[in-house]
Amino acid sequence: MDSLRQVGEPELEAIEVGAGILGTGGGGNPYIGKLRCREELRRGRRIDVIPLQELDDDALVVSLGGIGAPVVGVEKIEQGEECLRALQALEQELGQKIDATISSEIGGANSMEPMLTAAQAGIPVVDGDGMGRAFPEMQMCTWSIYGHKSSPSAMADEKGNIVVFRNTASEVWLESWPARPLSPWVQLPESRLRRCEENSSRNLPCRTRSRRLGRWARRFSTLMNSTAIRSRRYLNMKTAVC
Amino acid sequence: MYRIGIDVGGTNTDAVVMDGNKLVLGVKSPTTEDVTSGIVASLSQVLKESEIGADQIGAVMIGTTHFTNAVVERRRLSKTAAVRLCLPAAECLPPMVDWPDDIRDTVGGHYWMAKGGNEFDGREISSIDEDELRGIADEIGKKGIDTIAISSIFSPVNGEMEQKARAVLAERLPDANFTLSSEIGRLGILERENAAIMNASLRRLSAETVEAFGKALQSAGLNCPCFITQNDGTLMGSEFVKAYPVLTFASGPTNSMRGASFLTGEQDAVVVDIGGTSTDVGSIIKGFPRQASTSVDIGGVRTNFRMPDVFSIALGGGSIVEPDDPIRVGPKSVGYKIHTEGLLFGGRTPTTTDVAVGLGFAEIGDAEPARKLGSERLGAICEIIDEMVVNAVERMRVSPEKIPVLAVGGGSILVRDKVGELPVVKPENFAVANAVGAAIGQISGEVDRIFSLEKTSRDEALESARKEATEKAISAGAKPDSIEILDQEDVPLAYLPGNATRIRLKVVGDLDG
């Protein structure tokens with residue numbers, strides 16, 4: 001499998017489709033996240049992807065993404081730097097720089113946020129994730145199943161509110177903090193590389209896989225994303241015949 | 001009284017006269033640059049040939065792809081100011097961020113983001129800042145823009161902020177026209193905002209076009225009411241179209257599918273509309289076009305209207321055939337030039353129609369030049385055409401039953417008695433199905449308001465909304481026993497006391513008489 005080292009616009013398009021498939025019917029639409037990543041690229045930022053093996057042994061990796069109802073996310077789009085603010089709050093709390101981001105879930109809308117934040121923070125995103133698809137709860141990540149505890153962690157909203165959780169009773173409790181589906185943005189905790197490697201290896205390298213799946217799907221685009229493509233064909237017939 | 005249905009297409013303007021449920025006559029004439037003279041020509045022709053006096057026509061229904069074409073061709077769109085109430089949220093993706101560059105340039109790409117917007121539960125993200133809006137109004141004025149689209153986060157749940165912003169902007173810009181996103185679309189800020197901006201940019205064209213339609217009717221001596229068909233196959237009055245031209249975007253395929261269903265009497269079928277350049281395939285379920293379940297792109301711009309699910313392929317009666325190996329059919333077409341370029345008319349370009357004529361499916365022009373390709377070659381090309389149609393039909397087919405394929409449009413000579421295992425039905429007047437679809441446009445009644453569920457159940461509230469909408473439809477001229485629910489949606493409003501819910505419900509019925 002050719003490994004993905006940098007994400008440009010063509011890779012984004014492929015990952016969008018792949019993440020949609022890996023969302024397996026849930027996890028929200030990666031479309032808005034794709035647009036946001038694209039805007040970052042057009043502003044001149046880079047999305048670098050790093051294979052897990054290339055990280056230092058003591059590298060500090062955080063998983064991040066949004067919690068809440070995806071239906072809210074298509075209407076109330078984020079301000080844009082929520083996760084970056086949460087990531088910086090966590091660095092402050094730990095007194096240490098974060099080396100890379102990783103997806104908790106590669107499926108659905110949360111496939112994009114780690115790439116976006118990595119680009120904003122100037123760090124790479126790890127070619128891997130915590131579940132290989134989209135799942136309903138954070139505690140279903142491989143690393144959580146292997147006993148990883150998500151504290152400290154941080155949460156930020158569009159208005160400038162930031163919360164750092166020094167200790168949470170369990171992963172379930174952490175996730176129940178945003179008690180209503182407000183779609184706040186959660187910065188999940190540090191994951192030391194070793195644990196990351198032990199526990200997420202079977203899901204690796206998911207970002208590459210997502211892109212491959214996306215590329216494959218685009219080749220068979222008649223199967224995917226059908227209405228948009230169909231209707232575009234219908235309505236664009238005058239300008240471009242597909 | 002008789003009714004006239006008109007379809008103003010990119011190539012032809014078709015007109016039909018209907019007597020109740022009976023098609024009296026249909027004619028085709030070329031669409032003209034000014035639209036009006038093409039309609040006048042069609043109207044005069046259809047009145048003359050049917051020998052029906054202008055005073056016997058009770059209503060004229062027009063279906064048009066004029067506004068869709070304007071967007072697709074990026075023509076005649078007004079410069080538009082997009083104002084979004086959202087900050088600090090949604091700052092990362094400004095209005096028109098996902099538009100193709102050429103159409104963004106055509107409408108000017110001017111946008112402003114301001115404080116405002118609601119949370120999902122109706123709380124404010126931030127309050128409206130009137131001074132900020134006045135400043136924006138001044139900037140819009142300085143740019144000389146008088147067409148404004150306003151969007152606000154969660155405005156389908158609470159549209160007050162958009163209305164308030166309109167009032168503030170209108171104080172400084174009294175001559176501007178406004179489109180509010182809450183009046184147009186559903187949840188999904190980018191898609192709804194896109195539709196609002198496109199609507200705003202089309203309003204000038206819409207006003208001109210509606211006026212042109214009126215003049216055309218007058219010139220033909222008609223003084224009856226004129227309606228325009230919208231996406232769901234129902235009719236809109238002229239004033240409404242002036243304000244909401246985007247609501248006509250999908251009327252073309254809707255009219256063609258409903259017309260095909262009407263002409264054949266089939267309620268469940270796959271409709272194949274083969275034109276000169278392309279083939280549109282859609283499904284009819286219980287007489288209505290099956291709706292797309294995801295977002296729909298119009299000219300590269302994403303929207304979330306309810307629209308029929310249509311799959312298009314580049315195959316038409318004018319598609320150019322490359323007869324030598326490897327055989328290719330389309331995507332290029334000679335289009336309306338088939339009358340000079342096609343082999344059967346003495347031209348030099350082999351087309352799909354030449355193949356059909358060469359194989360004896362139809363008798364048009366001179367079959368001899370096509371036959372020179374040899375029957376084996378013609379058969380091989382025909383197989384490719386068949387495969388294209390079968391694939392498209394199978395993709396849109398949602399029933400395991402052997403439902404019929406309804407073939408309409410000028411290019412439908414390309415299909416014969418079967419598509420795969422499905423039988424083909426070709427109505428007698430297959431070429432004017434769109435105009436028939438417009439003529440049978442239905443009258444609707446709509447209710448969109450907030451109901452309290454404190455003392456009634458949801459079912460009771462829906463029932464009373466249905467009754468109210470039905471009464472509206474009947475008073476607008478619908479036949480009472482033909483009324484059915486077309487669309488129904490309820491959104492619980494968590495922020496209002498008394499267990500409130502917003503119910504949107506639309507019923508339709510046939511025009512009485």
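Let me start with one residue pair: Thr279(B) stands opposite Ile313(B) in S16(B). This is a predicted model, where local features need pLDDT of at least 70, side-chain atom pairs count only at pLDDT 80 or more, and totals for chains, interfaces and linings use all residues. Residues are numbered from 1 along each chain as its sequence is written, with chains lettered from A and ligands numbered from 1 in the order in which they are written.

That pair belongs to an antiparallel pairing of S12(B), residues 279-285, with S16(B), made over four bridges. Strands are DSSP runs of E, at least two residues, and helices runs of H or I, at least four, numbered from the N terminus; two strands pair if DSSP finds at least two bridges between them.

Which way do the residues of S16(B) point? In S16(B), residues 310-313, Val310(B) and Ser312(B) point one way, Phe311(B) and Ile313(B) the other, and all are buried (20 or more other C-beta atoms, placed from the backbone, within 10 Å of the residue's own). In a regular strand, side chains alternate between the two faces of the sheet.

Next, the open sheet in chain B. Its six strands run in the order S3-S2-S1-S4-S9-S10, with mixed pairing. S3(B), 22-30, and S10(B), 235-237, are the edge strands, each pairing on one side only.

Asn12(B) has Pro30(B) as its bridge partner in S3(B).

Finally, helix H8(B), residues 251-264, packs on this sheet, touching S1(B), S4(B) and S9(B) (contact: C-beta atoms, placed from the backbone, within 7 Å).

Technical notes. A residue is buried if 20 or more other C-beta atoms lie within 10 Å of its own, exposed if 12 or fewer, and partly exposed in between; C-beta atoms are placed from the backbone. Two residues are in contact if their C-beta atoms, placed from the backbone, lie within 7 Å. Axes are lines fitted to C-alpha atoms, for helices over the stretch in contact, and angles run from 0 to 180 degrees between N-to-C directions.
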